[in-house]
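Here is a short report on one protein chain. Keep the structure in view as you read.

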Amino acid sequence: PTRGLIYDRNGILLAENLTSYSLEIIPEKIKSLDSAIARLKKIISISDYDSYLFKKNHKQKRGFKSIPIRFRLSETEVARYAVHRHEFTGIDIKARLDRHYPLGELTAHVLGYVGRINKKELKKIDPSNYAGTSHIGKSGIEKSYEKELHGLVGLDHIETNAVGRTVRVLNRKDPIPGKSLKLHLDIHLQKTAIEALNDFNGAAVAIDIESGGILVFASTPSYNPNLFVNGIQAKKYRALNHSPNKPLFNRALKGQYPPGSTVKPFIALAGLDHEVTTPEQRNYCPGYFSLPDNSHRYRCWKKVGHGSVDLK
């Protein structure tokens, strides 16, 4: 099934599916894989990491199944291979739908990302519903709404031979596409929050108090979620993971920050508005505060207290 799209409250597209071209190999049709890959490298750029992922997938799939060795080929690379296509047997270019996040770092922590299904996830999901899918939501909205976004797999009732190769299709049930989501998130406000945080490490969340909808969900620094869709290179992952600024850490969700004195102006305004206090009224601060009939002490940052204080 085609994965559902994600929009902000204004209808701006935040997560889409783009047609991309991948170079795929059917192993059983090739006498020497290493030799074929070496010849391919002279035509198209194939990294050691691409080769590693291909060999890993090769161990998990049958030899007559098509296995990608390079994702997201450029038009130039597609054209270059087309010229040499007659030199290769069992290697072809196929069109796929790839998840893409057009706003990149701006929505990384709220949307999360999809990635290839791993062994741990295979034990938790319905294997039949993911038979035609190689990706699953890993974090954020993509993970929380996986069931809705994924949709339902289609079905071919087929006749096979003894080794599992398809002989003929008897009947077909089309897949049901995933549902698209429209969030409360306002991408214009999100951008404003990110720009306000600037180069600082921090978080900003804005909630619509009438609906409870999240208008802003920002965490800085951020990262490009598109790097994770088809498997991030180890070198790039280490750089993100070992960065002292921890861009992968979702501060808006997992950061634990005491509100401190930032709540005081709002409480003071409420007190003045409801006429339960005045600017001149004085209260004594002993260095802690206790609720009525409760011995627990909420400590002030100043251990000995501030003494007699007014609203100012």
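## Ground rules

Buried means under 20% relative accessible area, exposed means over 50%, and partly exposed is in between (1.4 Å probe, protein chains only). This is a predicted model: local features need pLDDT of at least 70, side-chain atom pairs count only at pLDDT 80 or more, and totals for chains, interfaces and linings use all residues. Residues are numbered from 1 along each chain as its sequence is written, and side-chain values use heavy atoms, with hydrogens and water left out.

## Overall shape

The chain has eleven helices and 15 strands. Both are DSSP runs, numbered from the N terminus: helices are H or I with at least four residues, strands are E with at least two. The radius of gyration is 27 Å, well over the 20 Å that the globule rule gives for 312 residues, so the chain is more spread out than a compact globule. That radius is taken over C-alpha atoms, and the rule is 2.2 Å times the number of residues to the power 0.38.

The C-alpha atoms fill a box of roughly 90 × 45 × 35 Å along the principal axes. Of the 312 residues, 34% are buried. Contact means heavy atoms within 4.5 Å. Among contacts with a separation of 6 or more, 64% join residues 24 or more positions apart.

## Two nonpolar cores

A nonpolar core is a set of buried Ala, Val, Leu, Ile, Met, Phe, Trp, Tyr and Cys residues joined through side-chain atoms within 4.5 Å. The largest core holds 27 residues. I6, L14, Y101, L111, I141, L183 and L185 touch the most other members. Two or more residues each come from β2 (13-25), α4, α8 (187-197) and β11. The largest share, four residues, is from α8. Another core, of 18 residues, lies apart from this one and includes I44, I67, Y81 and I93.

I6 has contacts beyond its neighbours within four places in sequence, including L14, L111, I141 and L183.

## Aromatic rings

Rings of Phe, Tyr and Trp (its six-membered ring) pair if their centres lie within 6.5 Å; planes under 30 degrees apart are stacked, over 60 edge-to-face, and the rest tilted. The count is six aromatic pairs. One of them is stacked: Y113 and F228, at 4.6 Å centre to centre with 25° between the planes. Y113 sits in the loop between α4 (108-111) and β5 (114-116), and F228 in the loop between β11 (214-220) and α9 (234-241), so the pair ties together parts that are 115 residues apart in sequence.

Y113 is buried at 17% relative accessible area, and F228 is buried at 8%. F228 also pairs edge-to-face with Y237, at 6.4 Å and 85°. Y237 is partly exposed, at 35%. Ring pairs link Y113, Y223, F228 and Y237 into a cluster.

## A loop residue and a hairpin

Which residues does N226 touch, not counting those up to four places away in sequence? They are R72, R99, H100, Y101 and G104. N226 lies in the loop between β11 and α9. N226 is buried, at 14% relative accessibility.

Strands β7 (residues 155-160) and β8 (residues 166-173) pair in the antiparallel sense over six bridges. Two strands pair if DSSP finds at least two bridges between them. T160 has T166 in β8 as its bridge partner. The hairpin has five residues between the strands, and G164 takes a positive phi near 90°.
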